[in-house]
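Visitor: Please show me the structure, and then let us go through it in questions and answers.

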Amino acid sequence: MDTLSYKTLSATPATIEKKWVVIDATDQVLGRLCSQVAKILRGKNKADYTPNMDCGDNVIIINADKVILNGDKMNKREYLRYTGYPGGQRSFTPQDLMNKSFKTTMKGKHPLFIKVVKGMLPKTKLGAKQLTNLHVFNGAEHPFADKNPIVLDITKMK
């Protein structure tokens, strides 16, 4: 067989199949869980992965309030941001972000998970688009039951 006849197949918008996946975050370590979620959002778990296309799945994380951090990282770790003004450095802990997630205006947007997963995605327009496919809820209920999501056990993935 002629080896020059092989062609590399890249995903196109017509061939991409986006699924909905539900992941239970109960007793999961935050960083390990989010690294698997970032792979699913990018589509690296699929055979037709193409780096310049959004071929990842939509991810729904439930029971986000039951996620754990090893040691005392929930209170001792500090995230920094800067407002752009003199003296405008602000610091906050994962516990602050967890408390913020219980506001009623934060439906489907968990600040702690968004911060962690955003750091694992590309810093481009494509990475920002892939981050919109992440939906995180503190309880076990979510409004995407009509999408027929697949329940995924993250502990069995490598």
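**Strands, rings and a contact**

Guide: Strand 3 (residues 79–82) and strand 4 (residues 89–92) run antiparallel and are joined by four bridges. Strands are DSSP runs of E, at least two residues long, numbered from the N terminus, and two of them pair if DSSP finds at least two bridges between them. This is a predicted model, where local features need pLDDT of at least 70, side-chain atom pairs count only at pLDDT 80 or more, and totals for chains, interfaces and linings use all residues. Residues are numbered from 1 along each chain as its sequence is written, and side-chain values use heavy atoms, leaving out hydrogens and water.

Visitor: Which residue in strand 4 is the bridge partner of arginine 81?

Guide: Strand 3 and strand 4 form a hairpin with six residues between them. Across the bridges, the strand 4 partner of arginine 81 is arginine 90.

Visitor: Is the ring pair of phenylalanine 137 and phenylalanine 144 stacked or tilted?

Guide: Rings of Phe, Tyr and Trp (its six-membered ring) pair if their centres lie within 6.5 Å; planes under 30 degrees apart count as stacked, over 60 as edge-to-face and the rest as tilted. Here the centres are 6.2 Å apart and the planes are at 55°, so the pair of phenylalanine 137 and phenylalanine 144 is tilted.

Visitor: Is leucine 152 buried or partly exposed?

Guide: Buried means under 20% relative accessible area, exposed over 50%, and partly exposed in between (1.4 Å probe, protein chains only). Leucine 152 has a relative accessible area of 27%, so leucine 152 is partly exposed.
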